[in-house]
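Subject: Structure for you to look at

Hello,

Here is the structure I said I would pass on. Please open it first, then read the notes below it.

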Amino acid sequence: MTPTAKRMPVWPLYLGVLVVYPLLVYPERALAGLTEISVGRQLTYIFIYAILALGLNVVVGYTGLLHLGIAAFFGIGAYITGILTVSAYPFQTGFLVALVASTIGAAVFGMLLGAPTLRLRGDYVAIVTLGFGEVTRFTLRNLEEITAGTRGLNPVPPPQLPGFVETPLSWLGIGADWSLDYRLFYYLALGVLVAVIWLLANVERSRLGRAWVAIREDELAATCMGINAARVKLSAFAIGCGLAGLAGCLYATTLTSTAGPDAFDFNRSMIMLCCVILGGLGSIRGTLLGVFLLVGFDNVVAPVLDGLIQAAQINTSGNRFLTFSNWKLMIFGLALVLMVRFRPEGLLPSAQIEAELGHERKSHRPAEAPA
Amino acid sequence: MSLLDLDKVTVRFGGLTAVDQLDCSVDERQIFSVIGPNGAGKTTVFNAITGIYHPSGGSIAFDGRPLRRPLTWRLIALAAVVGVCTGVAAGLLAIDVNALWRATIKRNYLGPDAPFSYRAAWRDAAGYVRGDLALAPVRGGRWAVRTADDRRTLGYGDARQEAEQLRDRQQQLVDAAAGAQVVAQDDRWQLVADDGQRVLETFDNEADAQATRAQYTAIAAAPVARRRDALIAALLGLVIGSAGTWAVWHRARRSPEVISRAGIARTFQNIRLFQDMTVLDNVLTAMDRHLSGSVVQMALRTPAMRRREAEARAHAGKLLEFVGLAHRETALAKNLPYGDQRRLEIARALATEPKLILLDEPAAGMNPTESSQLNGLIERIRQRGLTVMLIEHHMKVVMGISDRIAVLDYGVKIAEGTPDEVRANPAVIEAYLGSEEVH
């Protein structure tokens, strides 16, 4: 390893672009001619999925427990928010209470799932979590009186803005009506995402973050060093699933509905896992990149290309093979295969895993400099 | 005074006895070596001491007491809480949480403008459990009289008051149906309550009267059965929840973590570092229990937390300096040469601040220079006030630094004493070289 010069961090640039983007009118209008999708609106969902993926990353990436049911906790968060806020029920607590309750509620369910899997390893954890995900989906569907079955709970009301925020918003040209202007949700999701990243980065560098990784690396050695493996794994489940619940709350609020139980099926868990693996297990940067690439491809690039094809009048006869969306999954699969072949550590792996897998590659070359 | 006492420790795996009735005691600040041919059960002894294996027999005492996770009030409270929660959850599921929700929330909450009282909801929840008939609003501003679980509708009323009267009449029928009798009276049939006087309902023929009686008896019986099921489920949940908590605790009574916290640290024969962590992080991980602070403090990285982390880093740096790895702090553990990995394991074990350190073949794979440095390191560890227990094959290392040596062969201790005594012991020579007759 060669010591690298201290560089300027690049994240303020990315954050700056994301903060400024909704204030510019042009990009949205340019795309509006092609498709009905609004990039800003889709970015809001990408932020939410990023929070979900970061939660999954705590369990799978740091602690090394293969969790295949993260969507269930996303759903639990969404439904707790729904039950607490919709006008069909008397609680109507408002957004902030729902946000806290969804996070804590999903964390509690995460611990309930985690507790029986403490002694399981590898594939067995995967099977239990997979099963829990499906059980949750069917429970949500069958508790018809509480969750409104397949219809989902709606409308979930938007958060109440405190009065003093509205004036500065109007200077920026942002209306205070959540249903008309996507930018309120955009900044809400972006703000929560930034906070989550900051908190997770802190935990990563702390005692708990090290214990998570130690459990992943060698559970027996970790317990022999005085680490309570049960407690550490439970904390990973609680924090990971809690973040998924938080994302679920934002999702339901942004969508103004909990969506049906099928929105939280195995596919969603799988896509999130792919995001984490594509970006790099155990790396916050990698997970974010993975979400932006995969979900961005799915929600932004594919519809825009469809719109382009439509606009160019290439596909007037409605040929299925000339619709880009129909190739989506194939491209997605191909990309994953290529990635696993050429860059198994992910695109932006954590420094540790990068060194591990990069080391093997370098050892084929003549040594550049003696260590 | 002896720090570690093994009393007739036996470890069996199925029919195989790995360690047989081992007696052994290690004094404070001693360097105690365990030697023996391969497969003699030395590492098994270490695993039994550190809680990886549970001895099949015998006892292990450290500092005069057995190492066990203590039974605290916290565990009892936790078992109680988990038990109650499982019980409540199981009971709610058995009594049908879906119908309960409908009875309490949906019937009481008629829209965003209508008032909602939690007290009424609570009363309705009790009513649902009792099996009281309930009023449900139906289309056209009418009210339906329904059974508690909403399965049957018993009648409609146009106004609420009318419906309430209907409900009360039906409720009387439900309450009295089980004991009621069908009595013929002036070519009509009456359903008479069990006091023999109150006429509940009059019918034109006997079949209708009997059918009605049966119907209302069934309505009255349903909640009783549901209550019974819920009670059984709740009790089972209570028992399973608290017994499960207790079982999990009991199984982990002698887990490696408890032993480590009591002050026994170890290294491993096949190096078990956290390969993908840096050298410094490996040591910091072992200091886990000496770093305080809640998750919230960690997440917010409070100044107190930063200070403690900095102190821990400094301490870890000193430990690395002690074993001679100060210059490799940022390297990944896996990228270290073999000898350095062994020394890092020792530094990591020292970071748990043990009283006794178990070194499992620390000189394996080391060259002569490294192993003589290791001698110095072990001696310095003893000077820090630690007791060292050592498994080693390098006789130079063993004979040079040990105060006492125990020799194991096929799980049995065949000799114990000072290096000179052991060297002269014929049983030891036989174990290592074979007996005279073989020649």
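Asp96(B) is partly exposed, with a relative accessible area of 29%; here buried means under 20% relative accessible area, exposed over 50%, and partly exposed in between (1.4 Å probe, protein chains only). Asp96(B) sits in the loop between helix 2 (73–94) and helix 3 (97–106) of chain B. Helices (H or I, at least four residues) and strands (E, at least two) are DSSP runs, numbered from the N terminus. The phi of Asp96(B) is near 75 degrees, which is positive although the residue is not glycine.

Before going on, note that this is a predicted model, in which local features need pLDDT of at least 70 and side-chain atom pairs count only at pLDDT 80 or more, while totals for chains, interfaces and linings use all residues. Residues are numbered from 1 along each chain as its sequence is written, chains are lettered from A and ligands numbered from 1 in the order in which they are written, and side-chain values use heavy atoms, with hydrogens and water left out.

Asp186(B) also has a positive phi without being glycine, near 50 degrees. Asp186(B) is in the loop between strand 9 (181–185) and strand 10 (188–192) of chain B, and is exposed, with a relative accessible area of 61%.

Helix 1 (residues 42–49) of chain B is largely enclosed by the rest of the structure, because 7 of its 8 residues are buried. Among them are Phe46(B) and Ile49(B). After helix 1 of chain B comes Gly51(B), with a positive phi near 85 degrees.

In chain A, the peptide bond from Asn154(A) to Pro155(A) is cis, with omega near -5 degrees. Pro155(A) lies in the loop between helix 7 and helix 8 (163–171) of chain A.

Next, the cores. A nonpolar core is a set of buried Ala, Val, Leu, Ile, Met, Phe, Trp, Tyr and Cys residues joined through side-chain atoms within 4.5 Å. The largest has 147 residues, and those with the most contacts inside it include Tyr49(A), Ile346(B) and Ile357(B). Helix 3 (residues 39–62) of chain A gives the largest share of this core, 17 residues. A second, separate core has 29 residues, including Val11(B) and Ile49(B). Beyond its neighbours within four places in sequence, Ile357(B) is in contact with residues including Ala265(B), Ile346(B) and Met389(B); contact means heavy atoms within 4.5 Å.

How much area do chain A and chain B bury between them? The figure is about 4300 Å², 61% of it on carbon and sulfur atoms. Buried area is the accessible area (1.4 Å probe) that two parts lose on being put together, summed over both. Arg207(A), Arg210(A) and Met225(A) lose the most area on the chain A side, together 20% of what that side buries. The contact takes 43 residues from chain A and 49 residues from chain B.

Across this interface the rule finds 5 salt bridges, each a side-chain nitrogen of Lys or Arg within 4 Å of a carboxyl oxygen of Asp or Glu. Arg207(A) and Asp288(B) form a salt bridge through their side chains (3.9 Å, N to O). Helix 10 of chain A gives the largest share of the side of chain A that touches chain B, 7 residues.

Regards
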